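The following paragraphs lead the reader through a structure step by step. Please keep the sequence and the model in view while reading.

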Amino acid sequence: MIVIWLSVHQSLILTIIKTTKGSAKIKMTSTALFRKDLASEIRTRYAINSLVMFIIVTISVILFSIGNEKISDYLSGGLFWVVVFFTAMSGLSRAFVSEEERGTSLLLQLIASPSTVFSGKLIFNLILVFSMNVVIANLYTALFEAFVIKNLLLFSAAFLFGSIGIAISSTVIAAIIAKAGSKGTLYPVLSFPILLPLILILIELTKMSMDGTTFEEGMIEVAVLICYDVIMISASYLLFDFIWKD
Amino acid sequence: MIWQILLFFIIAFVSVAGIAFPIVENPIHWYEFPLIPGLEENAKIIFFHVPTSWLTVIAFFMSTIFSIKYLRKKDLVDDAKAHTAAQLGMIFCILATVTGAVWAKFAWGSFWSWDPRQTSIFALLLIYGALFALRSAVEQEEKRATLASVYSIIAFVTVPFFIFIMPRIMKGLHPGSADDTHSGPVVDFKMNSNMLLIFYLSLFGFTILYYWMWKVGYKSLIYKDKLDKQIK
C-alpha cells in the first residue's frame, strides 16, 4: 500500500526533501492533485466500476418495474434525473472519503492550500459526473422509447450546467461527510436538500426540451442553472477552509 | 418576569379570540370578524399558520447568522445558539406544515398538492432533518459545530431559489403566486382592523415566545456542557 502510494507521490516527495532546507514554500497545484487522483483511479478503477454497475442496476430496476406498460414522456424525463441523482450519490463521495481512509489528508493539508485541494477534487468529480451523465443519457435514449428530446440545444445546456452543479454540490458535501466519519448513509440525506432546487429546474427544462420549446423561451431557466452553479461554487470555496482544517 | 406574564395574556387572548370570535357578514361589535370571500371560516387558521411559518424562517435565518458567527470566532456559545434556533425551527416547521396541510384540506381539497410554498417548507424540513443527522454523526464538539455551521450556511444559500424560482416553475395556490390574479398577499385585503390587530398580536406574541424559548434553550445547553465537563 505504502509502496504504491509512494510511487504516485514520488516526484512530490522528492520536491519536499529538496526544499525542506530552504525557506521556499512547497506548493502542490490542483492539476497535480487531479493527476494523482486520476492515476490512483486508473489503478484501482473503484469509482468507475461501481458507477457503471450502479447505472446498469438502476436502469434495469426501472425497466423491470415498468414492464410492458407505456410510460408518459414527462415521467421518463423525471426518471432520468432520478438515475443521475442516485448514481452521483453512490460514487462521488469517494473523492474525500478515500483520503480519510488512507490517512493521506494530513499530508495534503501540509503541502496544499485548501482551495487547491478543492479545485483538484472538483476537476476530478466534474469529469466523473460528466462522463457518467453521458453514459446514462446514451443508455437511456436507447432503452426508453418515450424519452425523445425535440430541442437538443436546450437539453444540452441543461445537461452541461446541471452536471456542473451536481459536481460542485456533491464535492463540498463529500468533504463534510469525510470529516463527519459516517461515510455512506449520510451522503444522500445531506445532498438532497441542497440539490433539490437544481433537480426541480432540470426536470422542468427536460420537459421543455421534450415539448420542443425554443431556446429563447427556456433562457431564464438556463440562467437560473448558471446562477446556482456560481452561488454554489463561491459558497464552497469560501467554506471549504473551515471543513478542511482540523 | 413582567413580560412573561404579559406574554401569557397575549397568547391566551390570541388563542381565545382566534378560535372563538364569530365570523359574520356585517361585523358590528368589536369581537366580530368580517366574512372574507374565498376564505370564510378557514380565515381563523391565519392566526396560527402565518406566525408559525414566519418563525420557521426566522429560526433558520438566526441559525445561519450564529453559524457564521461561530465560524468567525470559534466560540461554542454561538454554536449552542445556532443549534437551539435550529431545534425550535424544526418544531415550528412541523407546526406550520401541519396547520398548512389542515388549511389546504379545507381550502384546496387535499392535504398536500406541491404548491411552491409547500415544496419550500418541505425542503426546509429536510434541511433541518439533515442538520440533526449530521450533528448526531459527529462526536467531537468543535468538529460537530464547524461541520453543522458550514452545512447550514450552504443550505441557506439555496433558499433564494425556493423563494424566487419555485413560484415561476410550479403552479401556485398560495396568494401572491405567479398565476394568481385576484389577490395580493393575505394581509393586504379585506381584513378589518380588529382582525388585523389580533393577527399582529399573534405574530408579536409568537415571536416573543420563540425568543424566550430560544434563550432558555441555549442557556440550558451551555449549562449542560459545563456540567458535563465538571463531571469529567
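In chain A, residues S30(A), L33(A), F34(A), D37(A) and L38(A) of helix α3(A) meet T116(A), V117(A), S119(A), G120(A), I123(A) and F124(A) of helix α8(A). Two residues are in contact here if their C-beta atoms, placed from the backbone, lie within 7 Å. By class, the residues of this contact divide into 6 nonpolar, 4 polar and 1 charged. Nonpolar covers Ala, Val, Leu, Ile, Met, Phe, Trp, Tyr, Cys and Pro; charged covers Asp, Glu, Lys and Arg; the others, Gly among them, are polar.

The model is predicted: local features need pLDDT of at least 70, side-chain atom pairs count only at pLDDT 80 or more, and totals for chains, interfaces and linings use all residues. Residues are numbered from 1 along each chain as its sequence is written, while chains are lettered from A and ligands numbered from 1 in the order in which they are written.

The helix α3(A) spans residues 30-44 and α8(A) spans residues 114-143; they pack at an angle of about 45°, with their axes 8 Å apart. Axes are lines fitted to C-alpha atoms, for helices over the stretch in contact, and angles run from 0 to 180 degrees between N-to-C directions. The two helices α3(A) and α8(A) are therefore oblique to each other. Angles under 35 degrees count as roughly parallel, over 145 as roughly antiparallel, 65 to 115 as roughly perpendicular, and the rest as oblique. The crossing of α3(A) and α8(A) is right-handed; a crossing has this hand if the near helix is turned clockwise from the far one by less than a right angle, and is left-handed if anticlockwise.

Helix α8(A) also packs against α4(A), residues 46-66, at an angle of about 30° with the axes 11 Å apart. This pair, α4(A) and α8(A), is therefore roughly parallel. On the α4(A) side, the contact includes L51(A), I55(A) and I59(A), and on the α8(A) side it includes L128(A), M132(A) and V135(A). The residues of this contact comprise 12 nonpolar, no polar and no charged.

Between α3 and α4 of chain A lies a loop that holds R45(A). This residue, R45(A), has a positive phi of about 55° although it is not a glycine. R45(A) is exposed, with 11 other C-beta atoms within 10 Å.

For chain A as a whole, 41% of its 246 residues count as buried. Chain A has 11 helices and 0 strands. Helices (H or I, at least four residues) and strands (E, at least two) are DSSP runs, numbered from the N terminus.

In chain B, helix α3 (residues 76-107) has 32 residues and reaches 45 Å from its first C-alpha to its last, close to the 46 Å expected at 1.5 Å a residue. The loop between α3 and α4 of chain B contains W114(B), whose phi is positive, near 50°.

How many residues of chain B are in contact with chain A? There are 23, and they meet 24 residues of chain A. Helix α5(B) gives the most to this side of chain B, with 8 residues.

Notes. Buried ≥ 20, exposed ≤ 12 C-beta atoms within 10 Å, placed from the backbone. Expected span 1.5 Å × (residues − 1).
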